[in-house]
Structure formats: C-alpha cells, structure tokens
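Please walk me through this structure one selection at a time. I have it open in a viewer and would like to know what to pick next and what is there.

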Amino acid sequence: MSRKRRVIIDGLEDKQGRSLLVISALYHCRSELSDAEIRFVDVSSGEVRGAVDLLRWETGLDVRIPADPSEYGGGSIFEDASLYAAIRLNSLDGLHVAEAKFFKVPLLLALQFLPRSATSEQLVLLQPAHDPALFAQYLIERMR
Amino acid sequence: MTERGTERLPTILVVGMQNSVHLARWINMMRGSFARFVVMPVYFASPAPELNPCLPVVSRSDVEALGPGEVGIFSLTKPEAERVADWYADRAAGRLFPAAIGMEPSPSLIQTDELVTAIRVLQPDIVHTMEVQLAGYLALGAKRHLGSAMPPWLLSNWGSDIYLYHRLPEHRPVVLELVQAIDGYLAECRRDVQLVRRLGLRGHAFDPMPASGGVDFSTVPAFDQLSPPSQRNTILVKGYHGWSGRGMHILSALHLVAPALHGYRIRVQFCSAAMLEMMQAMAESDGLDIAPVPYAPTHEEALARIAEARIVVGIGISDGIGTTLLEAMSYGAFPIKATTSCACEWIRNGRDGIIVDPHDVKSLAEAIVRAASDDALVDAAAPRNRACVEERWDVDRNNAAAQSIYRHMFGDARRTAMTAA
C-alpha cells in the first residue's frame, strides 16, 4: 500500500501569517490533493482551527492539525513530507525552513510584499501570495 | 398569563446578548401593548442604549409592574465565587457546551441554573432565544433540566449560527439536539429553513425574516435625496477577519487591481492590528488611498458612511443576510457579498450586486473593478435594491409577521398548559 503524500501548511494567522488564505487555496486544488494528507503546524488561533474543520467537512480532504508530534514516531513531521507551504506578509522569519531543508522537503513560501533583498522565487510568488487559485496551481506543481 | 384589568399580557423571555443592537432593534420593533418583554442576559454587559426604557426585574410581580413599552432585564444574583466554582466543576465533568469559534469558555457566561431560575421565577409564556451558540445552547441546557416544564421555545437563527456550526465536529451533536428540541424556528434565510428540516426540526418553521426586524423607512432619506452611486467615490470594506470574515481576502483583492482603483477612497471598518499592517503595506506599495475608519459611535453615523459609498464589500465563509447588505441596499451602495451568505435571496447576482466565492480572490477583485467602473450598473441597481428592502425590511410588515409568529407560539403555550392540567 502506497503511503499518502504529506503536505505541511503553516498555520499562523496574525500580522505575518496568512494561513486562512492558504486554506482558501486548498479549496482550489481539492481534487488534486484527494490522495494527500494535509497537516497544519504552528496553529495558534481558533479561527484557523475552525476553518480547517470546515475545509475537511466541505471537501473530504484528509486535513487536520496534529495533536502532538508523537504520531510521527517522535520524529519530525517534515520527514518524508512532499511540500511545506506558507503565505506570509513580508518575512519568512519563524518558518521551519531549516528543518524542511534538512529533510529535503520542497518549499512553497510566498510573501505578499517584498523585503529589501528579495529572491527571484519571491518575485515569482508575489501574485500567488494574494490569489489563492494561483497559489493552488503552484502548490500542485511543486508536489509533482 | 397575567390579568391586567381585562387585558392578558403574555410575557416573552428573550435570551440573548443584551448589548446587541440587533436584539434591541427587534424588541423595539415589537414593544408596546402586545406583550411584555424581559431580557435574560447571556453574559455580563450593559444593555444596549436602544433598549431603554428598561428596568431590572427579579420576580413575576416586577414583570407585571412594567409599564407599556418598558423592557425588563433579569437581574443576575448568583455570587461570583459560586459561579466560578460551578464553571470549573462543569468543565471537569465535560458538561460545558463547546465555545463559538474565537471565543474562550469562561465563567463569565451565564449558566444553565440561572436561566432555569429565571424561567421558574418569571413564568414566561414563551422563551425566545436570539442567536444560537450562546443563547441557544444556554436554553438547551435549561430544557435538559426542565423537560416538559420548559415553556415553548422559539429560536432565532442569526447569520451563520447553524449553517456554519452544524459542519463543525465539536458543535454538530449539540446543534442536532438543539434543532430537535425547539418548538419554533425563525431564520434569516430560506437556505437555513431547508437545512434545519434536514437536521430533524420537529417544531414549526416560520417564514424567514431579518434578525434585525425592520426599518421605518420614513426615517431614511428619500431615494432622490441620496447622491447617485456613480457620483460617489468611496469603497467601504467590512474588515472583519476571523471566524467568518475574510477581510484580508478583500485587501488582497484590492491589491491585485490597485491600478484600477486610483482616485477611489477605500475605507475599512472593524480593522484588527493585522489588517492595519497590511493596509500600511498596500498604501506604500500601491499608492492607494486606503485607511481605516473608527468604529461609528452611533448607528446614524454608520449609515451615513454607507450613504457615501459607491460599493460596500463584505466577504466571509458563512453569513446570513448580513445587515450591512440591507443597509447598502437602503442607501444606494452597490453590494458585493459572498456565496456563503444568503444574499442571493435578496439580490440578483450581476444585476443588483455581485456575489462571489469567498475563496476566489481574483473573482472578487474583478467584481470590485466592475462595480467601480460601470456607472450604469450601480445606478440601475440602486432603485431596485431600495424598493426591495422597502417592501421586505419594513418595520410595519415585519412587526405584523412577528406578532403572528408569537401568537402561534402562545397557542403552543396554551396547548402545553392544557395538556399539563
């Protein structure tokens, strides 16, 4: 039996985090993600918890917020993951980039507004950082 | 019921947020000689000023002493220490109802035994809960306790109370129990009437009506006194972003089409700190005239803002009608709403307003550009929308409909009393 692909989503919703926008993107790629397990990390707000519950109800996706890391054998949720995705306002600070890179997880990290030293990747993702349908396209492409 | 000369005035115990303008507007629509209204608070807060004249009541005789048009507010007397102890005991025993999204369970919420006491002391003819997750759940706890001694129970469904929460696993069993426990159901949307029937409603479903009741249109400026929407240059944004609202999505939509919006004043209501930071970034990056507006201290000032707006945008993952939609329709502002509201029961999409998927920011952006650039569209929509709300949101019409609903419920009360006798 093949293991489900795991997508890890940044669950922060605050001045920097745009988790609710990523949740909107997941509505646009529900059919492509039907064989994936989607896990939110760093969720601190009831609003994101409610939106995740609603996403699961409305789409049937395997999406949830892990209760604790022990369900991954005490290891990292990033191990063997297929993608780590986030939208942030203008800074990647606080994201688990080093851990994701350690486990060679593909990244999709979009900023809505560019910092002083922007990368070409950040330039490309400027519009998807505001447009959930476009972000969903990138999400599917990065998982291939 | 009470003898008052030859008059028998029934008592309606309204359970709800006593500081809510919607609750106050409903009671103001109904108060008078028809029935006595007593408000049972669901938490500690000052009553909305619009509820005046109102008086504290602690007994049946206090209720009977209320003058015509006076509203009673049930005085809560449970000692704080007892309230806190009971709350922790309920929490430890798993007896607390799940909290609404974004709310923390708290001992400051009114507890089941307090409503049970109010019902026993005041002996209302009916209990009318306005809103579900606080008032409805509280009354469900009382009904579990009182059983057949619970007076007939009318539930008003505000906005997304059931449409959203029946899909959340923690709330679904409670919503199902509640839907099957109520005797009468009053929704804002036809959508929700169909929904609660599917969920097992056994009581009567009344024709939907706005939660805010109705408006006296003689107090609203005549349509020809308002400037045509094509001559207005304000885009008014409902900035709620949280359990339902998606204010950030609206800001992203505005950002995507910023070049088409130069020359417009974008004003955002109900901004969080995160929204303010995003707007600051947009102002710097896009050159947009975008700014927050402070909370309007009076309803008249809030309405004046709508009367200045060409477009009113409000998007969320769940809503009822949305009073802002009705106010936009009243004052000639072109509404943009989400498919997750029941705006489609009031406006025709693409003609009287635009209704978009709340997860589709690009379509929202296109809708804003269309409404900002198509003068003929917004000018043609305005008189149609005004005529629609004058007919369906009229205070006299909805007062008569609500009295009919209450009379139906009083009939249930009489039947219950006869059965008990």
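Predicted model: local features only at pLDDT ≥ 70, side-chain atom pairs only at ≥ 80, totals over all residues.

Go to strand 4 of chain A, residues 83–88. Strand 4 pairs with strand 5 of chain A in the parallel sense over 5 bridges. Pick Ala85(A): Leu108(A) in strand 5 of chain A stands opposite.

Next, show both chains. Here 24 residues of chain B are in contact with 22 residues of chain A. On the side of chain B that touches chain A, helix 8 (247–256), helix 9 (273–286) and helix 12 (361–373) of chain B each supply at least two residues. Which helix of chain B gives the largest share of that side? Helix 9 of chain B does, with 6 residues. The residues of this side of chain B divide into 12 nonpolar, 7 polar and 5 charged.

Stay with chain B and colour by domain. The domain assignment gives domain 1 (2–214 + 395–420) and domain 2 (217–392) of chain B. The C-alpha centres of domain 1 and domain 2 of chain B lie 32 Å apart. Where the two touch, 15 residues of domain 1 of chain B are in contact with 12 residues of domain 2 of chain B. The domain 1 side of that contact in chain B consists of 8 nonpolar, 4 polar and 3 charged residues.

Now select the sheet of 8 strands in chain B. This open sheet has the order 5-6-4-3-7-8-9-10, with parallel pairing. Its edge strands are strand 5 (54–57) and strand 10 (204–205) of chain B, each pairing on one side only. Helix 1 of chain B, residues 21–30, lies across strand 3 (11–16), strand 4 (36–41), strand 6 (71–74) and strand 7 (126–130) of chain B. Helix 1 runs at about 165 degrees to strand 3 of chain B.

Further along, strand 8 (153–156) and strand 9 (184–186) of chain B pair in the parallel sense over 3 bridges. The bridge partner of Ser156(B) in strand 9 of chain B is Leu186(B). Helix 5 of chain B, residues 132–146, packs on the sheet and touches strand 3, strand 7 and strand 8 of chain B. The direction of helix 5 makes about 150 degrees with that of strand 7 of chain B.

End with the largest nonpolar core, which has 161 residues. Val14(B) and Ile311(B) have the most contacts inside this core. Helix 5 of chain B gives the most to the core, with 8 residues. Domain 1 and domain 2 of chain B both give residues to this core, so it lies between them.

Terms used. Residues numbered from 1 in each chain as written. Chains lettered and ligands numbered in written order. Pairing = 2+ DSSP bridges. Helix = DSSP H or I, 4+ residues; strand = E, 2+ residues; numbered from the N terminus. Contact = placed C-beta atoms within 7 Å. Axes fitted to C-alpha atoms, helices over the stretch in contact; angles between N-to-C directions. Domains from an automatic or database assignment. Nonpolar A, V, L, I, M, F, W, Y, C, P; charged D, E, K, R; others polar. Core = buried A, V, L, I, M, F, W, Y, C linked by C-beta atoms within 7 Å. Buried ≥ 20, exposed ≤ 12 C-beta atoms within 10 Å, placed from the backbone.
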